[in-house]
Amino acid sequence: MDNLVDSLNNAYQEFVAAAANVLEAKEIAVAQKTAATDAALENFKQRWELFRVACDQAEEFVESVKLRIGSECLVDEATGSVTGKSGQAGTTGLPPISAVRLEQMSKAVRWLVIELQHGSGAAGGVAGHANSSAPFDARFSEDAAQ
């Protein structure tokens with residue numbers, strides 16, 4: 001993560017320096033187009049693109065961390081291994097489920113999302129992908145006991 005932050009910072013500093021160079025070149029050229037202003041503008045464009053790439057990479061990293069944290073919290077919540085500030089297990093009012101059952105449900109959701117993204121809208125194949133013919137229902141002990 002430190003490398004990512006350093007990369008983003010360096011790209012930003014180079015972008016700002018390139019912007020300053022454009023302004024200086026324009027000031028020296030007294031608003032006339034010269035080879036120096038063209039070169040400064042080209043450098044500015046390149047630094048802008050590099051800065052955008054660094055921002056995109058940082059954004060992708062943040063999104064992946066958010067997803068990972070969300071997944072870990074979901075697993076902790078679903079399996080009942082959530083600990084409160086006092087160090088005791090938290091209670092959500094929902095019975096815990098097994099990690100295996102959670103993975104099955106997660107796969108079913110992923111397949112549904114994929115099918116919806118491809119425009120099929122048919123959820124008929126989802127149950128087969130999840131190795132379960134019925135969704136989780138906390139009222140039934142066999143779902144909660146898995």
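The structure is a predicted model, in which local features need pLDDT of at least 70 and side-chain atom pairs count only at pLDDT 80 or more, whereas totals for chains, interfaces and linings use all residues. Residues are numbered from 1 along each chain as its sequence is written, and side-chain values rest on heavy atoms, with hydrogens and water left out.

The buried residues of H3 are Arg 101, Leu 102, Gln 104, Ala 108 and Glu 115. Viewed down the helix axis, these buried residues fall within an arc of 160°, so they line one face of H3; the arc is taken over the directions from the helix axis to the C-beta atoms. H3 comprises 19 residues (99-117) and spans 27 Å from its first C-alpha to its last, close to the expected 27 Å. That expectation is 1.5 Å multiplied by one less than the number of residues. Gly 119, with a positive phi near 80°, follows the helix.

In the chain as a whole, 5 helices and 0 strands are found, giving the pattern α-α-α-α-α along the sequence. These elements are DSSP runs numbered from the N terminus (helices: H or I, at least four residues; strands: E, at least two). Of the 146 residues, 16% count as buried. The accessible surface of the chain amounts to about 10700 Å², with 59% belonging to carbon and sulfur atoms; accessible areas come from the Shrake-Rupley method with a 1.4 Å probe, and for residues only the protein chains shown count as cover. Among contacts (heavy atoms within 4.5 Å) between residues at least 6 apart in sequence, 49% join residues at least 24 apart.

The count of salt bridges comes to 3, a salt bridge being a side-chain nitrogen of Lys or Arg within 4 Å of a carboxyl oxygen of Asp or Glu. Glu 14 pairs with Arg 47, with their closest N and O atoms 3.1 Å apart. This pair links distant parts of the chain, Glu 14 lying in helix H1 (residues 2-29) and Arg 47 in helix H2 (residues 35-79), 33 residues apart. Glu 14 is partly exposed at a relative accessible area of 39%, and Arg 47 is partly exposed at 25%.

Glu 63 is partly exposed, with a relative accessible area of 36%.

Thr 37 is also located in H2 and counts as buried at 4% relative accessibility. A polar atom of the Thr 37 side chain lies 2.8 Å from the backbone oxygen of Thr 34. With neighbours within four places in sequence left aside, Thr 37 is in contact with Ala 25, Lys 26, Ala 29 and Gln 32.

How values were computed: Buried means under 20% relative accessible area, exposed over 50%, partly exposed in between (1.4 Å probe, protein chains only). A polar contact is a pair of N or O atoms within 3.5 Å; within protein, one must be able to donate a hydrogen and the other to accept it, and residues adjacent in sequence count only if both atoms are side-chain atoms.
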